[in-house]
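Trainee: Please take me through this structure, with the cut-offs behind each term.

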Amino acid sequence: MNEDNHTPKIKVLDLDFYYGKVKALSAISMEMHEHEITALIGPSGCGKSTFLRCLNRMNDTIPGTKLDGQILIDDMDIYTTGLDPVDLRQKVGMVFQKPNPFPQSVYDNVAFGPRIMGLVRGHVDEEMRVEASLKQAALWDDVKDHLQDNALGLSLGEQQRLCIARALAVEPEIILMDEPTSALDPIATLEIENLMTRLKDDYTIVVVTHNMQQAARVSDMTGLFWLGELVEFNKTKQIFTRPEEERTEAYVTGRIG
Amino acid sequence: MTLEEGASMESSLRARYDRTFSGIVDAILKMGSMIEEAVQNAINSLQNRDTALAQEVVERDAEVNALRFEIEEACLALIATQQPAAGDLRAVIAAMNIVVDLERMGDHASGIAKTVIRMGDQPLLKPLIDIPRMAKLAVEMLRGSLKAFVDVDPEAAQAIAPRDEEMDFLYRAIFEELVEIMARNPQGVERATYLLWTAHNLERIGDRVTNIAERVVFMSTGDVEELNV
């Protein structure tokens with residue numbers, strides 16, 4: 001366990017990323033550890049979401065993109081080792097800005113991933129997986145009597161927790177969150193933040209957020225992106241009390257951005 | 001909302017933040033000048049045996065206390081509504097610490113004035129030499145520390161510490177002189193004690209100023225360092 005804390009779950013080495021000729025990320029190097037929440041902050045267009053999508057090869061689907069450098073997960077290069085991106089995305093789940101449940105039942109939303117991944121061994125196993133995932137996402141008590149209802153009937157906060165349950169159902173090790181609460185009200189936001197702090201016991205979490213107080217509240221480490229560069233990557237407490245870089249100071253105090 | 005609108009809103013919020021905080025800084029300076037006046041008046045009342053002036057110093061301490069709470073309230077509101085971070089946060093926290101020290105300096109000035117009132121018309125034990133020096137030094141140090149606060153100047157703040165050593169040196173000299181007088185002349189013990197209290201109050205003001213200087217260093221650099229240990 002102790003060793004885990006020292007071995008990074010994700011290791012990024014000198015990463016450059018291009019959309020065509022436009023360099024969107026430049027010389028990014030950072031490490032993310034298990035049982036920690038890493039927050040990525042920075043102004044719109046600074047590259048933080050692009051970076052997040054590099055971590056599970058979501059950018060592969062965009063034509064004309066190019067990536068240099070390395071991303072290692074559990075010491076394995078996710079771009080060169082012949083890893084199937086589908087397998088990678090099972091290991092590295094993602095939650096998006098707007099809740100995007102399938103227009104199906106609550107139950108089927110969660111069962112969908114394990115089914116198509118061939119993880120399910122019979123009915124009972126499937127039900128157990130669905131229940132466990134909904135419990136982990138702190139949604140079980142709210143939906144256990146309405147599992148066959150359409151997921152679109154849930155509140156936005158519940159929909160987002162359902163999307164988290166759906167991501168958890170395929171047993172990922174890393175969860176990427178791209179502004180997971182920006183469409184939610186403060187109460188639903190708080191519920192997601194509580195959930196994140198519980199989930200970090202079992203998962204490595206990387207979250208992109210525009211809400212600096214959110215980064216300050218939930219994360220252990222914070223990275224500030226700026227025009228495609230990682231300006232400062234430091235303990236969250238340090239970033240918000242005595243940052244080392246002037247640009248970080250200016251950003252967290254609202255002087256630029 | 002377009003990006004530009006967002007940016008202009010952000011910069012005007014920033015401007016509002018700066019305005020609010022500079023209001024807090026002004027209030028701290030005002031509090032500082034009230035303390036200066038209180039210290040000077042307390043010492044004048046001692047030199048001129050002016051109990052009416054001493055009474056005024058005691059009464060006006062309530063204004064200093066009220067201003068402290070007003071400033072604390074403004075700092076709390078700023079934290080609650082604007083969530084300052086980094087240097088902004090350190091500055092607000094420093095401001096909240098500084099007003100506590102200023103308020104206590106007011107108590108020390110008022111303590112001197114109360115001693116003057118208690119002395120009534122008993123003649124001074126000896127001519128005052130070092131006590132007015134201590135008072136002058138206290139006022140200069142206070143002014144220097146608040147200037148360092150306004151200028152966010154850690155070097156100027158660090159330069160306060162040696163002056164507090166001067167203060168401690170003067171206090172030590174007064175203490176020894178008065179103890180000697182008391183040993184020689186038991187009839188003078190009460191009047192010597194009055195002067196000792198006065199010197200002690202001034203020495204404490206020096207320590208409070210040093211605290212302010214430490215907060216200025218913290219605010220400017222994020223380092224917590226004890227000056228004048």
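Predicted model: local features only at pLDDT ≥ 70, side-chain atom pairs only at ≥ 80, totals over all residues.

**The interface and its surroundings**

Trainee: How many salt bridges does the rule find across the interface of chain A and chain B?
Mentor: The rule asks for a side-chain nitrogen of Lys or Arg within 4 Å of a carboxyl oxygen of Asp or Glu. Across the interface of chain A and chain B, the number of salt bridges that it finds is two.

Trainee: Which conventions and confidence limits apply to the model?
Mentor: Residues are numbered from 1 along each chain as its sequence is written, chains are lettered from A and ligands numbered from 1 in the order in which they are written.

Trainee: Which residue of chain A forms a salt bridge with B:D88?
Mentor: B:D88 lies in helix α3 of chain B, residues 86-119; helices are DSSP runs (H or I, at least four residues), strands are E runs of at least two, and both are numbered from the N terminus. Contact means heavy atoms within 4.5 Å, and beyond its neighbours within four places in sequence B:D88 is in contact with A:E249, A:T253, A:R255, B:R14 and B:Y17. In the salt bridge the closest N and O atoms are 3.4 Å apart, and the partner of B:D88 is A:R255.

Trainee: Which helix gives the most to the side of chain A that touches chain B?
Mentor: The rule finds seven residue pairs in polar contact across this interface, both residues being at pLDDT 80 or more. Polar contact means N or O atoms within 3.5 Å; within protein, one must be able to donate a hydrogen and the other to accept it, and residues adjacent in sequence count only if both atoms are side-chain atoms. On the side of chain A that touches chain B, α10 (236-241) and α11 (246-252) of chain A each supply at least two residues. With three residues, the one that gives the most is α10(A).

Trainee: Is B:D88 buried or exposed?
Mentor: Buried means under 20% relative accessible area, exposed over 50% and partly exposed in between, with a 1.4 Å probe and protein chains only. The relative accessible area of B:D88 is 9%, so B:D88 is buried.

Trainee: Which strands of the open sheet in chain A stand at the edges?
Mentor: The order of this open sheet of four strands is β2-β1-β4-β5, with antiparallel pairing. Each edge strand has a single partner, so one side is left without a neighbour in the sheet; these strands are β2 (22-32) and β5 (76-77).

Trainee: Which residue stands opposite A:I73 in β5(A)?
Mentor: Strands pair if DSSP finds at least two bridges between them. Strand β4 of chain A (residues 65-73) runs antiparallel to β5(A), and two bridges join them. Opposite A:I73 stands A:M76.

Trainee: How many disulfides does a search of the whole structure find?
Mentor: A disulfide here is a pair of cysteine sulfur atoms within 2.5 Å. The sulfur of A:C54 is 13 Å from the closest cysteine sulfur, in A:C46, and is therefore too far for a bond. Over all chains, the number of disulfides is zero.

Conventions
Heavy atoms only, no water.
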